[in-house]
Amino acid sequence: MESGRRRGLSSVLSSLSLLCVVLDLQLDGVLGATPVEIEHHLEMGRKLLAAGQLAEALSHYHSAVEGDSKNYLTYYKRAAVFLAMGKSKSALPDLSQAIQLKPDFLAARLQRGNILLKQGNTEEAREDFLAVLNRSPDHEEAHDQLHKADDLELLQEEAHEAHHRGDYFTTVQVLEKVIELSPWDPESRELRAECYIRLGDPRKAIMDLTPATRLRADNRAAFLKLSQLHYSLGDHHDSLSQVRECLKLDQDDKECFVHYKQVKKLSKQLDSAEELILEQRYQEATEKYESVMRTEPNVAFYTNKAKERICFCLVKMKSAEEAVDICSEAHQREPQNIHILRDRAEAYILQQEYEKAVEDYQEAREFDQENQELREGLERAQKLLKQSRKRDYYKILGVSRSANKQEIIKAYRKLAQQWHPDNFQSEADKKEAEKKFIDIASAKEVLTNPEMRQKVDSGEDPLDPENQQGGGGGREWPFGFNPFEGGNFHFKFHQH
């Protein structure tokens with residue numbers, strides 16, 4: 001029994017020894033690469049860097065650094081690749097390591113100083129430039145960069161003083177020079193963004209905050225501010241995208257999460273409303289836009305947008321009176337919105353108020369002369385106005401432009417009974433009734449014929465009203481039919 005245990009223990013120890021040997025060989029292969037292998041990686045890295053294949057070059061420099069962690073040049077060369085890739089923050093540790101291994105390595109000192117200067121860190125940049133000048137007093141670039149560091153420090157102080165006294169315009173002007181010298185400094189960009197916001201230019205603030213999010217490792221505050229700015233401008237998709245970036249950095253960030261819920265809810269409602277419009281479900285779209293106004297009552301953009309689109313939907317539903325009210329309210333909020341003016345013009349057309357429709361289309365065209373839809377709309381409204389001053393078939397029957405065939409026939413029957421010449425005794429009354437009866441019959445024939453009605457709706461008169469004017473009974477009937485021939489006025493209704 002005892003001997004069996006010993007044999008088992010001996011076997012385990014033997015296996016462990018073998019495992020250690022294997023691991024030692026593997027580690028030696030990774031960490032203790034031969035000089036030939038290291039030189040191969042450096043050579044490949046140099047060639048790939050020259051060819052612009054930065055990711056592949058970086059991979060070889062990683063291997064070279066792992067193979068020889070005491071060689072200052074490998075760190076310096078890898079830093080050069082990081083810089084070529086635009087990753088200055090990753091280059092800094094490598095440059096610092098190269099300087100630690102070789103304190104008199106002036107190229108690394110100068111390069112690190114340049115990065116620190118671009119990051120706005122004038123104090124540490126100055127130390128590096130002075131270190132270079134201490135060993136090489138005539139170093140021209142180090143002298144130039146040292147002067148830049150001094151200039152930058154003075155400009156930074158000037159910008160902060162202007163900001164402190166509330167002179168945001170001057171602050172922006174000074175920060176323009178600051179950022180030119182230190183484009184990788186997030187603090188200067190964030191300060192200028194704040195000034196732009198105070199000066200009422202959120203778009204420029206966004207342009208500064210966007211790079212600032214990449215210049216700090218955890219810039220949740222900038223992502224949140226970006227999201228809020230996009231939200232205030234109505235860019236709800238961009239707002240949602242930026243607040244999600246904040247939550248990627250910390251899913252428990254309270255401010256970002258609260259804002260995320262609001263943006264997500266509103267964005268979903270807006271997208272849903274537009275989908276309903278595409279599906280021509282205008283009543284549901286109107287209700288959805290009313291929900292939008294309840295979800296966000298404080299940002300003017302969303303109320304304006306909702307009213308504009310509700311105006312559009314009401315016109316599509318041919319709710320002319322309500323459309324004019326909502327469109328007029330929307331127009332007061334956004335006087336130069338051509339879509340609102342176009343839709344109100346269409347609502348006026350539904351109400352047969354053609355002069356007002358022409359006025360709205362003309363006003364819209366003042367803001368956009370090249371818009372073909374507005375040009376065509378104006379021409380149509382002008383035709384309808386001209387036609388209405390001659391003979392308006394809808395007005396003759398007393399029906400709306402959205403009336404269906406059944407409503408048109410019903411109105412025709414009622415008026416035909418009222419104005420049939422047999423109802424009148426005197427010759428003058430009969431003549432007047434005949435004129436009206438002809439107009440009523442013409443209107444009914446035109447508006448119950450789809451092709452002719454379409455011409456009417458586009459501002460044309462299919463019966464050419466110029467030829468319909470004439471004295472007394474000399475007037476022509478449409479389609480060659482005259483019920484008054486022979487002088488016997490017998491009138492019958494037929495079901496249609």
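Hi everyone, let's start with helix 9. This helix covers residues 168–181, so to speak our entry point, and its 14 residues reach 20 Å from the first C-alpha to the last, close to the 20 Å expected at 1.5 Å a residue. Keep in mind that we are looking at a predicted model.

Which residues of helix 9 are buried? They are Thr171, Val172, Val174, Leu175, Val178 and Ile179. Their cover includes helix 8 (140–164) and helix 10 (186–198).

Now to the charged side chains. The model has 31 salt bridges, and I'd like to show you a few. Arginine 109 pairs with aspartate 128, with the closest N and O atoms 3.1 Å apart. Arginine 109 sits in helix 6 and aspartate 128 in helix 7, so this pair ties together parts 19 residues apart in sequence. Both arginine 109 and aspartate 128 are buried.

Next, glutamate 153 forms a salt bridge with arginine 126, at 3.3 Å between the closest N and O atoms. Here helix 8 is tied to helix 7, because glutamate 153 lies in the former and arginine 126 in the latter. Glutamate 153 is partly exposed, at 27% relative accessibility, while arginine 126, at 18%, counts as buried.

There is also a network of salt bridges linking Glu176, Arg189, Arg192 and Asp208.

Finally, how confident is the prediction? The protein chain averages a pLDDT of 87, and 87% of the residues score at least 70. Over residues 12–31, though, the pLDDT is below 50, and residues 467–496 are also below 50.

Technical notes
Residues numbered from 1 in each chain as written. Predicted model: local features only at pLDDT ≥ 70, side-chain atom pairs only at ≥ 80, totals over all residues. Heavy atoms only, no water. pLDDT = per-residue confidence, 0-100. Contact = heavy atoms within 4.5 Å. Helix = DSSP H or I, 4+ residues; strand = E, 2+ residues; numbered from the N terminus. Expected span 1.5 Å × (residues − 1). Buried < 20%, exposed > 50% of the residue type's maximum accessible area, 1.4 Å probe, protein only. Salt bridge = Lys/Arg side-chain N within 4 Å of Asp/Glu carboxyl O.
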